[in-house]
Amino acid sequence: MTRRPTPSGRRRTAATLLLLAVLASGCSGSDPGASGPGPDGTTRTGATAGPGSTTGGTGVPGASSPGTRGTGTAGTTAPTGAPTGDPLGNGAGSTTSTAAPGTAAPGVALRVEEVAGGLEHGWDVGFLPDGSVLVTQRPGRIALVSGTRPGARVQDVAADLSDVYVAGEGGLMGMVVHPDFAATRRFTTCQTHAEDGRPVDVRLVTWRLAPDGRSATRVRTLLSGLPVSTGRHSGCRPTVAADGALLVGTGDTAQASIPQDRHSLGGKLLRIDLDTGEGLPDNPFASSADPVERRILGYGHRNVQGVAVQPGTGAVYTAEHGPTFDDEVNRSVPGGNYGWDPSRGGTGSGYDESVPMTDTGRFPDAVPAVWTSGPITEAVSGATFLSGPQWGPLDGVLAVAALKGQKLLLLRLTADGDAVSEVLLPPGMDAYGRLRGVRQGPDGALYVTTSDGPGDRLLRVTAG
Ligand SMILES: [Ca+2]
């Protein structure tokens with residue numbers, strides 16, 4: 001079942017092409033906001049120098065040829081469409097496509113509407129059967145938005161979130177609405193947990209929403225013991241897979257040994273039972289004596305904040321930050337090692353972020369990324385597939401939110417799903433600051449949360 005990864009040579013070739021192309025474009029390839037740790041931190045970085053904030057040519061120097069890994073990026077050049085200045089982004093005009101060389105980019109306009117404002121670091125959204133939407137907010141609040149159209153009302157959901165450790169990238173993070181919500185009114189959040197003011201762990205908590213939606217009570221702690229440190233690299237994105245399993249993308253908490261340690265829940269993609277929190281019997285390490293290892297689907301990750309399930313195939317793709325280079329989109333391979341090891345095999349001192357995001361020198365069988373951002377970081381976060389005929393030529397692309405990059409990346413996968421053939425940058429999406437969560441709603445529209453602070457929004461995005 002395990003796919004043998006291809007040699008890293010293709011990736012290096014792509015990276016070389018990318019570097020040459022960036023130089024040719026006149027872009028430095030660096031982003032002032034890229035320096036320093038924690039691109040996902042509480043402060044906005046690179047706001048004025050973000051790659052998407054300038055205008056330029058339509059070419060994508062960083063784009064690789066179809067079928068090549070490491071599409072390099074979208075972020076190294078700018079879309080032609082400047083922000084419209086319309087805060088709602090309506091009538092954003094034609095989509096600027098950043099096509100790979102020799103690839104025709106379809107002209108597709110996106111329409112952006114503001115469903116609700118007054119949020120703060122909206123992290124994730126969950127759609128309820130009555131058409132309302134739950135939104136988790138990092139400072140430890142849950143909002144219930146009355147609908148999915150502009151003018152929706154926002155009300156707080158009273159819930160005991162007093163133990164949430166809100167610091168840095170930690171707090172109330174991802175969520176899923178249980179598939180049986182109509183009967184159980186259950187949803188599960190991922191959150192940092194403190195006792196006596198000190199961070200203890202990251203944990204998944206299952207809640208029951210009251211019939212009137214005004215409050216939620218805890219049903220159980222579904223899974224505890226995910227590592228935590230200062231709040232940095234806390235993950236954490238739960239998503240329900242096609243088979244009903246709960247997938248959870250976690251962070252390495254900026255502790256060097258964690259990503260490669262299969263006895264830690266950090267820096268992993270977990271696959272667990274949504275009702276019990278236990279690993280599933282067909283997981284790759286199901287025979288392990290360690291219940292932690294039994295929950296692991298993949299390891300060697302830095303900070304997975306995007307987990308997307310491909311409609312039709314059920315294939316799972318994840319998105320994670322690089323340090324100052326190589327954000328990655330990966331395809332899940334059961335038991336796969338994704339190659340991040342800031343401990344240098346236990347030989348280094350401290351958290352060494354100069355190591356490759358996929359260290360094929362140390363781990364020859366490491367799973368190569370489907371896409372990387374190349375020599376910059378966009379600080380990718382949520383990811384989801386656009387699906388359905390309402391998207392026209394965008395049907396099937398992977399939408400990835402960028403925090404630092406302040407844009408929506410649309411990645412068109414190759415037929416085999418191993419690589420990205422084209423990167424599209426909808427110009428209307430670079431006017432909303434940092435983008436955190438993306439989920440396609442039951443109405444087929446894409447819902448996006450912003451993550452800048454008070455005044456954050458829930459956006460509805462459709463094909464124009
Ligand atoms: Ca990797």
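I count two residues as in contact if their C-beta atoms, placed from the backbone, lie within 7 Å. This is a predicted model, in which local features need pLDDT of at least 70 and side-chain atom pairs count only at pLDDT 80 or more, while totals for chains, interfaces and linings use all residues. Residues are numbered from 1 along each chain as its sequence is written.

Core. I looked up what L411 touches and, leaving out residues up to four places away in sequence, found V329, W371, V397, L398, V400, V420 and V423. L411 is also, with L398, A399 and V400, one of the residues that touch the most other members of the largest nonpolar core, which has 103 residues. Such a core is a set of buried Ala, Val, Leu, Ile, Met, Phe, Trp, Tyr and Cys residues joined through C-beta atoms within 7 Å, where buried requires 20 or more other C-beta atoms within 10 Å of the residue's own.

Sheet. I then followed an open sheet of four strands, ordered β7-β8-β9-β10 with antiparallel pairing (strands are DSSP runs of E, at least two residues, numbered from the N terminus; two of them pair if DSSP finds at least two bridges between them). Its edge strands, each pairing on one side only, are β7 (172-177) and β10 (216-226). Within this sheet, β9 (residues 198-209) pairs with β10 over seven bridges, and W207 stands opposite R218 in β10.

Methods. A residue is buried if 20 or more other C-beta atoms lie within 10 Å of its own, exposed if 12 or fewer, and partly exposed in between; C-beta atoms are placed from the backbone.
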